[in-house]
Amino acid sequence: MKKEQIIIKIKESGLVAVVRADCSERVIEITEACICGGIAAIELTFTTPFAHHMIEQLAKRYTNDEIIIGAGTVLDSETARIAILSGAEYVVSPYFNPDIITLCNRYRVLSMPGIMTITEAVSALECGADILKLFPGDYFGCGFIKTIKGPLPQVEIMPTGGVDADNVGEWIRAGAVAVGAGSSLTHGSYDEIVQTARKFIKNIKMSTQNENVPKK
């Protein structure tokens with residue numbers, strides 16, 4: 001699937017599941033629950049031992065139509081290349097690293113660098129980043145997106161950290177194109193994850209529908 005199509009799917013769903021697990025069985029269980037809950041993409045973090053093996057396993061097991069597999073907590077371009085060779089179709093990092101973005105652009109892979117300031121946001125855009133990850137989102141709050149989109153209305157931001165099913169609507173209404181959710185989504189049993197995912201998706205859709213209602 002082309003990078004542009006992946007961006008569209010993530011933005012249409014509005015939710016990326018951030019997955020941290022110690023074994024492939026748990027990763028598959030979470031992935032299956034996310035698919036059932038209507039999530040379009042999951043992010044396997046490299047804080048997990050042998051994360052590239054899990055990415056490879058998931059990439060072989062699922063099609064893009066089922067779920068899009070990405071790599072998270074990528075700290076350098078070497079890890080980004082390993083993730084891409086393993087089957088990751090997007091790369092997320094917790095901070096702005098020009099080398100990671102350059103490598104992703106070389107292979108036409110979606111990049112999501114972490115940013116905390118307008119300076120970092122502009123630098124990331126100039127390097128060719130696709131979506132900017134506001135991290136940690138709970139530190140800044142929804143108001144930061146409105147503030148940063150004042151001078152940078154063209155920027156596309158995905159907050160991660162502190163996002164849950166109850167406040168996700170606030171983030172979307174503030175201007176987030178999608179959100180990343182970790183423990184607030186992926187902890188619990190299969191059925192609990194499915195229900196939480198559906199609540200996320202429902203609240204995201206309600207927020208976007210409300211934004212499209214003409215004001216009287």
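**Strands and a helix in a predicted model**

In this predicted model, both faces of strand S3 are covered, with Ile-68, Gly-70 and Gly-72 buried on one side and Ile-69 and Ala-71 buried on the other.

Reader: How many of the residues of strand S3 are buried?

Author: In a regular strand the side chains alternate between the two faces of the sheet. In S3, one side holds Ile-68, Gly-70 and Gly-72, and the other holds Ile-69 and Ala-71. Buried means under 20% relative accessible area. For S3, spanning residues 68–72, the number that are buried is five of five.

Reader: Which residue in S3 is the bridge partner of Thr-45?

Author: Strand S2 (residues 41–45) and S3 run parallel and are joined by five bridges. S2 and S3 also belong, with helix H3 (residues 51–61), to a right-handed β-α-β unit. The partner of Thr-45 in S3 is Gly-72.

Reader: Which strands stand at the edges of the open sheet, and why is one side of each left without a neighbour?

Author: The open sheet has three strands with parallel pairing, in the order S6-S7-S8. Each edge strand has a single partner strand, so one side of it has no neighbour in the sheet; these strands are S6 (114–115) and S8 (157–159).

Reader: What span does helix H2 reach from its first C-alpha to its last?

Author: Helix H2 covers residues 24–37 and has 14 residues. At 1.5 Å a residue, 20 Å is expected. The span in the model is close to that, at 20 Å.

Technical notes
Residues numbered from 1 in each chain as written. Predicted model: local features only at pLDDT ≥ 70, side-chain atom pairs only at ≥ 80, totals over all residues. Heavy atoms only, no water. Buried < 20%, exposed > 50% of the residue type's maximum accessible area, 1.4 Å probe, protein only. Helix = DSSP H or I, 4+ residues; strand = E, 2+ residues; numbered from the N terminus. Pairing = 2+ DSSP bridges. Right-handed = clockwise from strand over helix to strand, strands pointing away. Expected span 1.5 Å × (residues − 1).
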